[in-house]
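Morning, everyone. I'll take a helix pair and some salt bridges today. Have a look at the screen first.

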Amino acid sequence: MQNEFFKSKKSEFAELKAYIDSVKNSQGVTMQILQKAQGIFGYLPLEVQQFISDETNIPLADIYGVVTFYTQFSTEEKGKHKIGVCLGTACYVRGSQEILDKLSEELKVSVGKTTEDKLFTLEATRCLGCCGLAPVMVIDDDVYGKLEAKKIPDILKKYQ
Ligand code: FES
């Protein structure tokens, strides 16, 4: 497993190995190991899944199955800023699809993907619990309510 990714992340893999060694004799630790690994790497590329499989003797197919089943895990690297546009009913009827389309156009990225410069990840979300502010977008911990598509470029500039 001496590929470029492994070489560039030696200390992260060492940290993960130390963690796996500390828990691997316990039962049902797959989720814990994957959570730890995602905390260390930020996401779970195949190299990390393979490493976990090698270290725990859990088949790679099983690990891959867990990673892809739970939305808390990601196999793709996330951007520095996470943008979530609410597509819940209240937001949708007030035009959140237009907001999402505008973001997609401005950032040149499709929903669920990360911009080439790794600055933004664009996601659609379920109801964020502040329907009175519809349509709603969140960037990291900042909430933008009663949003209009024309305001998007200026908002994005704050994070660039
Ligand atoms: S539907 Fe968007 S916040 Fe509830």
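Start with Lys17 and Asp21. Both sit in helix α2, four residues apart, which is about one turn of the helix. Helices here are DSSP runs of H or I with at least four residues, numbered from the N terminus.

A word on what you are looking at. This is a predicted model: local features need pLDDT of at least 70, side-chain atom pairs count only at pLDDT 80 or more, and totals for chains, interfaces and linings use all residues. Residues are numbered from 1 along each chain as its sequence is written, and side-chain values use heavy atoms, with hydrogens and water left out.

Back to the pair. Lys17 makes a salt bridge with Asp21, and the closest N and O atoms are 3.3 Å apart. The term means a side-chain nitrogen of Lys or Arg within 4 Å of a carboxyl oxygen of Asp or Glu. How many salt bridges does this rule give? The count is 11.

Are these two partners buried or exposed? Lys17 is partly exposed, at 33% relative accessible area. Asp21 is partly exposed too, at 36%. For the cut-offs, buried is under 20% relative accessible area, exposed is over 50%, and partly exposed is in between, with a 1.4 Å probe and protein chains only.

Next, Glu106 and Lys102. They also form a salt bridge, with the closest N and O atoms 3.5 Å apart. Both lie in helix α7, residues 96–107, four residues apart, about one turn of the helix. Glu106 is partly exposed, with a relative accessible area of 33%.

Then Lys151 with Glu148. Here the closest N and O atoms of the salt bridge are 3.6 Å apart. Lys151 is partly exposed at 39% relative accessibility, and Glu148 is partly exposed at 35%. Elsewhere, salt bridges with shared partners join Lys17, Asp21, Lys24 and Glu55 into one network.

Now the helix pair. The axes of α2, residues 10–23, and α3, residues 30–41, come within 10 Å and cross at roughly 160°. Those axes are lines fitted to C-alpha atoms over the stretch in contact, with angles from 0 to 180 degrees between N-to-C directions. So α2 is roughly antiparallel to α3, a label for angles over 145 degrees.

Who touches whom? Contact means heavy atoms within 4.5 Å. On the α2 side, the residues include Phe13, Leu16 and Ile20; on the α3 side, they include Ile33, Ala37 and Phe41.

Notes
Helices (H or I, at least four residues) and strands (E, at least two) are DSSP runs, numbered from the N terminus. Angles under 35 degrees count as roughly parallel, over 145 as roughly antiparallel, 65 to 115 as roughly perpendicular and the rest as oblique.
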